[in-house]
Amino acid sequence: MRRQLNAALSACAFVCALNWTSIAQDSLQGDATRIIALENAWSRASETKDTKSVNNLLDDSFVYVDVNGKMMTKAEVLKDITDSGVLQVVTKSMIARLHGTTGVVTGTFRLEGIVGGKPLRQQGRFVDTWLFKNGVWVCVASQATGIAR
Amino acid sequence: MKKATFALIAACTILRLAGAQEVGANAGIEAKIRALEMSWAQAEARKDNKALSALFDDELLFVEYDGQLLTKAEYLARVRDSEELGGTTESLSIRVFGGMALAIGVYREEVFRNGKPYLRRRRFIDTWVYKKDTWVCVAAAATLLPR
């Protein structure tokens, strides 16, 4: 009887563990999807110069390195969105990796617009680091690198 | 009244102690990440792939200064096959977010192209995560600085 009970309990524990693993996996998958959705929201907000939305996506300590290696704070990035002539931001080939409360996303980007009356076209690869903070994902760092032709 | 004052002083002391403890813990993490960044530079110069491998998570995302995305295995192969001699970290600052830390800095190296030496500087951001009782680098990106 005791053996049967032990076997039943073991089976129960195994099923619970499987379920827990599945739930954890679903949650990770969900967070990766969520972060990629936030990346897309960031691109759209940059195109429409919606600095309020971008402000919510970035941590106050946010640091950005542009394709020329220039380092910018959150305030500088928000000002740049308002001032720049970027009209289109296209991101592609995004990969998200989750490490607990840290998310890392890489992908390629293409910017198009008009700066100083001249057409602007810039492309490269980005790496963004996201942090799950106070119940939401916020971006703490972003780096852009030009792709050599 | 006395009791309330005492409780207020006690609460303030606890908060200050907790704050001091966090500052102390962050300083410890900062020092650890600095040491790991230094180990990375040294291991790269020695082409010590075993030491390098221990610094990186298996899911490392590495973006080279030319925009190429490399896996951990590809990065290690690149170091092994490289003829470059390595360089030095010109500046480095660490930001700690609990179990995650960012290392932001500039790396300089002298490289040879067509037999001529030139200085290459790149700005980098490395993301470190505390995993299984150790800090590992999960992402690294570099951007070439203008000459």
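In the predicted model, strand β5 (residues 118–133) of chain A and β6(A) run antiparallel and are joined by ten bridges, where helices (H or I, at least four residues) and strands (E, at least two) are DSSP runs numbered from the N terminus, and where two strands are taken to pair if DSSP finds at least two bridges between them. Within this pairing, A:F132 stands opposite A:W137 in β6(A). The hairpin of β5(A) and β6(A) has two residues between the strands, and A:N134 in this hairpin takes a positive phi near 50 degrees. Residues are numbered from 1 along each chain as its sequence is written, while chains are lettered from A and ligands numbered from 1 in the order in which they are written. Because the model is predicted, local features need pLDDT of at least 70 and side-chain atom pairs count only at pLDDT 80 or more, whereas totals for chains, interfaces and linings use all residues.

Strand β6 (residues 136–146) of chain A is also joined to strand β1 (residues 58–65) of chain A, here through four bridges and in the parallel sense. Along β6(A), A:C139 is the bridge partner of A:L58, and A:S142 is the residue opposite A:Y64. In general, the strands of a sheet pair through backbone hydrogen bonds, either parallel or antiparallel. The open sheet of chain A comprises six strands in the order β2-β1-β6-β5-β4-β3, with mixed pairing. Its edges are formed by β2 (71–73) and β3 (86–99) of chain A, each of which has a single partner strand, so that one side of each is left without a neighbour in the sheet. On average, neighbouring strands of this sheet are turned by 20 degrees against each other, direction ignored, the axes being lines fitted to C-alpha atoms, for helices over the stretch in contact, and angles running from 0 to 180 degrees between N-to-C directions.

Chain A as a whole has three helices and six strands, and from the N terminus on its elements follow the order α-α-β-β-α-β-β-β-β. Helix α3 (residues 74–83) of chain A lies across β1 and β2 of chain A and runs at about 95 degrees to β2(A). Of the contacts in chain A with a separation of 6 or more, 51% are accounted for by residues 24 or more positions apart, a contact being defined by C-beta atoms, placed from the backbone, that lie within 7 Å. Of its 149 residues, 25% count as buried; a residue is buried if 20 or more other C-beta atoms lie within 10 Å of its own, exposed if 12 or fewer, and partly exposed in between, with C-beta atoms placed from the backbone.

In chain B, an open sheet of six strands likewise has mixed pairing, with the order β2-β1-β6-β5-β4-β3. The edge strands of chain B are β2 (69–70) and β3, each pairing on one side only. Antiparallel pairing over ten bridges links β5(B) and β6(B), and B:V129 stands opposite B:V136 in β6(B). Helix α3 (residues 72–81) of chain B lies across β1 and β2 of chain B, at about 70 degrees to β1(B). Strand β1 of chain B contains B:F62, which is buried, with 23 other C-beta atoms within 10 Å. Leaving aside residues up to four places away in sequence, B:F62 touches B:L70, B:Y75 and B:A140. Although B:F62 and B:A139 are 77 residues apart in sequence, their C-alpha atoms are 5.7 Å apart in space.

Backbone geometry was also examined in the loops. Most residues other than glycine have a negative phi. In contrast, A:K49, which is not a glycine, has a positive phi of about 55 degrees. A:K49 is placed in the loop between α1 (2–47) and α2 (51–57) of chain A and counts as partly exposed, with 15 C-beta neighbours inside 10 Å. B:D133 likewise has a positive phi, near 65 degrees; B:D133 lies in the loop between β5 and β6 of chain B and is exposed, with 5 other C-beta atoms within 10 Å.

Between the chains, 26 residues of chain B are in contact with 28 residues of chain A. The side of chain B that touches chain A draws at least two residues from each of β1 (56–63), β3 (87–97), β4 (100–113), β5 (116–131) and β6 (134–144) of chain B, and β6(B) gives the most, with six residues. By class, this side has 17 nonpolar, four polar and five charged residues, where Ala, Val, Leu, Ile, Met, Phe, Trp, Tyr, Cys and Pro count as nonpolar, Asp, Glu, Lys and Arg as charged, and the others, Gly among them, as polar.

Note on methods
Two residues are in contact if their C-beta atoms, placed from the backbone, lie within 7 Å.
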